[in-house]
Amino acid sequence: MTKHSHHTHHSGSSMHRVPSSGAVEHGYPSGHLGHLTEHEEQALVDFKTLLEEKGLYKPGNPPSHDDPTLLRFLRARKFVPEDAYGQFSETEKFRNANEIEVLYDTIDIDSFEASRKLYPRFTGRRDKRGIPIYVFQIKHLDSHKVAEYEKSTQTTYSRAKTDGKTPPKLLRLFALYENLTRFVQPLSSECVDRPHPDTPITLSTNIVDISHVTLRMFWNLKGHMQAASQLATAHYPETLDRIFIIGAPMFFSTVWGWIKRWFDPVTVSKIFILSDHDVLPVLTSFMDIKDIPKAYGGELEWSFFDEPAWDEETERICQWENGYTAFPNGPLYWQAIDEGKRLECLAVGTKDGKDRRERVCTITRAYPPKSAEDTLVSVSQTEDVTEAESFVTPNEKPIVNGEVPTANIAALSIAEGN
């Protein structure tokens, strides 16, 4: 690994060697359920009170919104309840105006599957902290495919009414985010083979493969990428943990300067650009080699258009029903049954205009929700960090190089200077 001892500063931007948990403001699990400081715990109580006063939250068993969801909005707004309220209320307005739950329940299954090909796909595996791993392969997204897809989204594909101004292609993307927050993350939360098994998972880890992408393709994808990022930042805050960019072509260093302007600074701070010889060392510090696809030096038999390759823990906890032995295509979500002691997975969506609503499997919850008074657990600020969360070795000094990464720089985090 190349060592850089010199330090240079250019226009307030700095770059640091990966892996460093410092690149992400709230390193998991701090700020998550079970790992809240007294200040954060109080902010959650105040946030619920504020939302209830405004008619946006109903307590109860179950409440209208669970604590992990509320905490995502609080983390995005530095635990200032009034600021989180602004974003939360905008999101609720948007969800209601576009009937997002009806959209996910009634989306045409083939339309849903077509959308999955143009965005990050779940591998079926999780990183060392239990966070689901997604892969996004860009080379398939030529302008012809994207244009064809955008045209196909114009036709009716769900029973949801819309606000009339959100492009149909973005509403389809919402369905994929619903799949992350209502299917993949709750499933990951029920897997107990991870540190802090009682802390719900509300994040995702992304490998973005930009190999074989031309300069023209990057430019043509600007709208596709920008819209997806803005939508996620506005309405699905704090669902993204890290983005590892791999396979960067030689010219990438010259275009990174304008590509990073497509994204907000918080998203940019989560992006790490890995050179070829650093892909495996960095990925294996976050993930087991068995959970890294073979294309990136790991052992997992999985390629971009494959269905998820489920791990043993997922297979262990699912009790299949109604003839299912695996998760089917199309939208799926979990809902609590037996007073919250179990979860059922429902397959929804429509096929040839007919509604699908079938139980696929159930899971007996390892940590069923306790009574309301017990849901919050305080910890001190100085909680011990386990090896699985801290990947910074003592000899890893931050390096500072230029305004943009160059091909020979190792693994970089690009953080916007304030």
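The model is predicted, so local features need pLDDT of at least 70 and side-chain atom pairs count only at pLDDT 80 or more, while totals for chains, interfaces and linings use all residues. Residues are numbered from 1 along each chain as its sequence is written, and side-chain values use heavy atoms, with hydrogens and water left out.

**The chain as a whole**

- The chain has 13 helices and 13 strands; these are DSSP runs numbered from the N terminus, with helices being H or I of at least four residues and strands E of at least two.
- Of its 418 residues, 54% count as buried (buried is under 20% relative accessible area, exposed is over 50%, and partly exposed is in between, using a 1.4 Å probe and protein chains only).
- Take the contacts in the chain with a separation of 6 or more: residues 24 or more positions apart account for 76% of them (contact means heavy atoms within 4.5 Å).

**Helix 1 against helix 2**

- Two packed helices are described by the angle between their axes and the distance between the axes.
- For helix 1 and helix 2, the axes come within 11 Å and cross at roughly 100° (axes are lines fitted to C-alpha atoms, for helices over the stretch in contact, and angles run from 0 to 180 degrees between N-to-C directions).
- That makes helix 1 roughly perpendicular to helix 2 (under 35 degrees is roughly parallel, over 145 roughly antiparallel, 65 to 115 roughly perpendicular and the rest oblique).
- On the helix 1 side you'll find Ala43, Leu44, Phe47, Lys48 and Leu51, and they meet Asp67, Leu70, Leu71, Phe73 and Leu74 of helix 2.
- By class, this contact of helix 1 with helix 2 has eight nonpolar, no polar and two charged residues (Ala, Val, Leu, Ile, Met, Phe, Trp, Tyr, Cys and Pro count as nonpolar, Asp, Glu, Lys and Arg as charged, and the others, Gly among them, as polar).

**Helix 2 against helix 3**

- Helix 2 (residues 67–76) and helix 3 (residues 81–97) have axes that come within 8 Å and cross at roughly 120°.
- That makes helix 2 oblique to helix 3.
- Leu70, Phe73, Leu74 and Ala76 supply the helix 2 side, facing Pro81, Ala84, Gln87, Phe88 and Thr91 in helix 3.
- The contact of helix 2 with helix 3 divides into seven nonpolar, two polar and no charged residues.

- Most residues other than glycine have a negative phi, and most peptide bonds are trans.
- Tyr28 and Pro29 are joined by a cis peptide bond, with omega near 5°, and Pro29 sits in the loop between strand 1 (14–17) and helix 1 (38–53).
- The bond from Asn61 to Pro62 is cis too, with omega about 0°, and Pro62 is in the loop between helix 1 and helix 2.
- Glu99 has a positive phi, near 45°; it lies in the loop between helix 3 and helix 4 (100–106) and is partly exposed at 24% relative accessibility.
- His196 also has a positive phi, about 55°; its place is the loop between helix 7 (168–190) and strand 4 (205–209), and at 16% relative accessibility it counts as buried.

**Cysteines**

- Searching the whole structure turns up zero disulfides (a disulfide is a pair of cysteine sulfur atoms within 2.5 Å).
- The closest cysteine sulfur to that of Cys191 is in Cys318, 7.6 Å away, which is too far for a bond.
- Cys318 is in no disulfide, and its nearest cysteine sulfur, in Cys361, is 4.0 Å away.
- Cys191 is buried at 1% relative accessibility, and Cys318 is buried with a relative accessible area of 6%.
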